Amino acid sequence: MTNNDILHLIRSTFTLNDSKLIEIFALADFITTKEQITAWLKKDDDKNFIKVSGTELALFLNGFINLKRGKRDGEQPQPEANLNNNMVFQKLRIALNLKAEDILAILELVELKLTKHELGAFFRKPENKHYRECNDQILQSFLLGYSMSVTKPQ
C-alpha cells in the first residue's frame, strides 16, 4: 500500500472529513490545506494527484495520537521519513490505546487469528530476531475490524 492508500484507509475507517484531517495535521504542528488533502486523496491516475511523503504520513499519525491521547508535554516526536506497515500499526495502537488482547479481538472480527506472540512480533524492533513484517492484508484487516468493532451492536 502507498502512503496515500493508508491515509485514505484511515480517513474512511475513522470517518474523518477534510477539516478533521487538517486539524489532525495541525496537532503535529504541520499546516496543510483542503486543496492538498484533496490532491492526496485523488486516484493516482488523476492529473491533480500528489503523493503523500513518509514524513507527511508520520506527521498525520503523530497528530492522530495527539488527538486521541492528548499532546504530550515538551518537544514533539520527530516524524519518520520512511514508514512501513509496522510503524503505522504501532502508531495506531498507541493512538487508540489498545492492548494486545484488544487488537486480537479486533482481528477476530474479520476472521484473522493471530497469537499474542505473532502480534507482538509486529511491534518489535527490526533487528530483533522475532521481528516480523506486517503486510498490507494485516493492516487492512485491522482497520476493517476496528471499524466493525465500533459499529457493531452491543
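Predicted model: local features only at pLDDT ≥ 70, side-chain atom pairs only at ≥ 80, totals over all residues.
Residues are numbered from 1 along each chain as its sequence is written, and side-chain values use heavy atoms, with hydrogens and water left out.

- Helix α3 covers residues 34–41; helices here are DSSP runs (H or I, at least four residues), numbered from the N terminus.
- Ile37, Ala39, Trp40 and Leu41 of α3 are buried, where buried means under 20% relative accessible area, exposed over 50%, and partly exposed in between (1.4 Å probe, protein chains only).
- The cover over these buried residues includes α1 (3–13), α2 (18–27) and α4 (54–69).

**α2 against α3**

- The axes of α2 and α3 come within 10 Å and cross at roughly 105 degrees; axes are lines fitted to C-alpha atoms, for helices over the stretch in contact, and angles run from 0 to 180 degrees between N-to-C directions.
- Asp18, Leu21, Ile22 and Phe25 of α2 make the contact with Lys34, Ile37, Thr38, Trp40 and Leu41 of α3, contact meaning heavy atoms within 4.5 Å.
- The residues of this contact divide into six nonpolar, one polar and two charged; Ala, Val, Leu, Ile, Met, Phe, Trp, Tyr, Cys and Pro count as nonpolar, Asp, Glu, Lys and Arg as charged, and the others, Gly among them, as polar.

**α1 against α3**

- The axes of α1 and α3 come within 9 Å and cross at roughly 105 degrees, so these two helices are also roughly perpendicular to each other.
- On the α1 side the contact is made by Asn4, Leu7, His8 and Arg11, and on the α3 side by Ile37, Trp40 and Leu41.
- Four nonpolar, two polar and one charged residue make up the contact of α1 with α3.

**α1 against α8**

- Ile6, Leu9, Ile10 and Thr13 in α1 meet Leu139, Gln140, Leu143, Tyr146 and Ser147 in α8.
- The α1 and α8 contact residues comprise six nonpolar, three polar and no charged.

**Aromatic rings**

- The whole structure holds ten aromatic pairs; rings of Phe, Tyr and Trp (its six-membered ring) pair if their centres lie within 6.5 Å, and planes under 30 degrees apart count as stacked, over 60 as edge-to-face and the rest as tilted.
- Phenylalanine 25 and phenylalanine 30 form a tilted pair, 5.5 Å centre to centre with 50 degrees between the planes.
- Phenylalanine 25 is buried, with a relative accessible area of 0%.
- Phenylalanine 89 and phenylalanine 123 have ring centres 5.1 Å apart and planes at 65 degrees, so the pair is edge-to-face.
- That pair links distant parts of the chain, with phenylalanine 89 in helix α5 (residues 85–96) and phenylalanine 123 in the loop between α7 (116–122) and α8, 34 residues apart.
- Both phenylalanine 89 and phenylalanine 123 are buried.
- One aromatic cluster has members including Phe25, Trp40, Phe89, Phe123 and Tyr146.

**Lysine 125**

- Lysine 125 lies in the loop between α7 and α8 and counts as exposed at 57% relative accessibility.
- Lysine 125 and leucine 83 are 42 residues apart in sequence and 13 Å apart in space, C-alpha to C-alpha.

Note on methods:
Parallel < 35°, antiparallel > 145°, perpendicular 65-115°, else oblique.
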